[in-house]
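Hello,

Here is the structure you will be working with. Please look it over first, then read the notes below it.

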Amino acid sequence: MTLRADLAIIASWIKPGASVLDLGCGDGTLLKYLREHQQVNGYGLEISERNLEICLHERVNVIQTDLNNGLNDYFADNSFDYVVMSQTLQATAHPDLLIEEMLRVGSEGIVTFPNMAHWRGRAQLGLGGYMPVTKSLPNQWYNTPNVHLCTVRDFEQLCHDRGIHILQRTVVDHTHSHSTLLMRLFPNLFGEIAIYRFCRKTGH
Amino acid sequence: MPETLSPDSVGIVIPQTQHFAEPLLLECGKTLEHYDIAYETYGELNAARNNAVLICHALSGDQHAAGYHTMEDKKPGWWDSAIGPGKPIDTRHFFVISLNNLGGCKGSTGPNTKKPGSDKYWGPDFPIITVRDWVNSQQRLMTSLGIDSWCAIIGGSLGGMQVMQWSIEYPALVKHALVIAAAPKLSAQNIAFNEVARQAIQSDPDFHDGHYLEHHSIPRRGLMLARMLGHITYLSDNAMRDKFGRELREGKLSFGFDVDFQVESYLRYQGRSFVERFDANTYLLMTKALDYFDPAREFNDNLVTALERASARFMVMSFTSDWRFSPERSREIVKALLAARKQVSYVEIESEQGHDAFLIPSPHYMKVFGSYMQGIVERL
């Protein structure tokens, strides 16, 4: 079973036997992988009917909920080792509140999002004058679900402002699971997808 | 009446009855010395004997969940939409057992059957029966049929409550618990509706304190009223509007108290036809079982503690327009299961049909239900 590049990195960051909550778990691929390979007990939250059907068929625990209503009081404080949100943050109504929620119910948060400041996007907007349409951002401006796009810098600024400590960061593109040297040196320019692991700063 | 049987029907089924001679101690303290349970089965028990599914019925349900008794039947069993070859509860893979609960009126020991060793009907003397009593009797039926454990127990409404009780009472015997359009206990409003229904029945002059069978009468008006009231709570405001609007039956107002609106005609029809097929004392018993259901009570009113005993995987479903057992009530169950760290999935089906939606095969509902069941089949 080959995982999408960003999911493979997330999986490698999660300790075996951990408890995981996956916000916007899609078809349950990550949770299924974690269950089968890392003995992870997990739950997913999802809204799409088709994805719910796939999760149920694959025996992935899935709770139908709209993340725009927060976590709906489903979970107590500190009830998970990790709360994951892959490629979902940018499509939520209140990303900042959701990140706070992640750190309320989980010890650590892991997010992945398309980096708006990737050079292709910059070129399309800066030179072409169009809203970027790339492999990681395939939609036109009028039909995109991504209402809160951000860049690597934006995200790190938010973490700084909210007292969130970044534990790990990596950027990848769609084809490679490993970062190139350029990506490591200039993540905000060459990283197509950013992946972060973070926790609450002590004292906050 | 089916001219020919559809390939996704379980076909003609033969109701069966199992007699139990071992006394059953009930929660109320009384004992049923011996009793009968009427049931039907669909599909075949496999060689590994791990494909048995129990169906728990709701307030007015019975053992006839799927198929037809004769080719002359007007309607199939009450959950024919979900049970059959290729349906969510796929009888090509599962051995399905559906029974009439004790206190029922369709062949199992209940108020309309005779007391043991007597010519008299049980009538109002039939002991108050609880969800837990049903679960205990269902467990005996399970054993008598040579089944060691259930691969799934499935029920809607009051049926869903039996599923929850099973998972707490006999954790080792339930692998999958499907709780549909249910609640962890009734609200005051739910109990109030039940009380009005009971009052309607009990205040009917033909009720004779429950001894109506001996008086060769039936509390028709009371039972009809109870059913009419129930029916209103099973439908959503929108569903009623869509179905009837304010349509007039005769096209004009009558300026009298006869039926003017279609909805009145419908309710009267539903009430009348119910009287023909249901027993008033059973209706009283079923509503009491609903009122009393509260598995958390003996765990300091903590549903999480109650559910901690369970080891089944849970699948909880609710319907958006259901106000009898609203999605909020199902979420209470889900939250408790999550807090107890149980394997649980939850789906809230968009529906305009109210509480009745759990019996209606809407596409997404059937897909979700079927996907979960298919996941079980592939791991049998």
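**Chain A**

With 204 residues, a compact globule would have a radius of gyration near 17 Å, and chain A, at 16 Å, agrees with that. Please keep in mind that this is a predicted model.

The C-alpha atoms of chain A occupy a box of roughly 45 × 40 × 30 Å along the principal axes. The secondary structure of chain A consists of 8 helices and 7 strands. Of the 204 residues in chain A, 46% are buried.

**Chain B**

Chain B contains 10 helices and 10 strands. For its 380 residues the globule rule gives 21 Å, and the radius of gyration of chain B is close to this at 20 Å, so chain B is as compact as a globular protein of that length. The box filled by the C-alpha atoms of chain B is roughly 65 × 50 × 50 Å, again taken along the principal axes.

In chain B, 50% of the 380 residues count as buried. Contacts between residues 24 or more positions apart make up 71% of the contacts in chain B that have a separation of 6 or more.

How is chain B divided into domains? Domain 1 of chain B is made of two stretches, 16–185 and 294–377, while domain 2 covers 191–287. The C-alpha centres of these two domains of chain B are 25 Å apart. Where the domains touch, domain 1 of chain B contributes 23 residues and domain 2 of chain B contributes 18 residues. On the domain 1 side of this contact in chain B there are 10 nonpolar, 10 polar and 3 charged residues.

**Where the two chains meet**

Regards

Conventions: Residues are numbered from 1 along each chain as its sequence is written. Chains are lettered from A and ligands numbered from 1 in the order in which they are written. This is a predicted model: local features need pLDDT of at least 70, side-chain atom pairs count only at pLDDT 80 or more; totals for chains, interfaces and linings use all residues. Helices (H or I, at least four residues) and strands (E, at least two) are DSSP runs, numbered from the N terminus. The radius of gyration is taken over C-alpha atoms; the globule rule is 2.2 Å times the number of residues to the power 0.38. A residue is buried if 20 or more other C-beta atoms lie within 10 Å of its own, exposed if 12 or fewer, and partly exposed in between; C-beta atoms are placed from the backbone. Two residues are in contact if their C-beta atoms, placed from the backbone, lie within 7 Å. Domain bounds come from an automatic or database domain assignment. Ala, Val, Leu, Ile, Met, Phe, Trp, Tyr, Cys and Pro count as nonpolar, Asp, Glu, Lys and Arg as charged, and the others, Gly among them, as polar.
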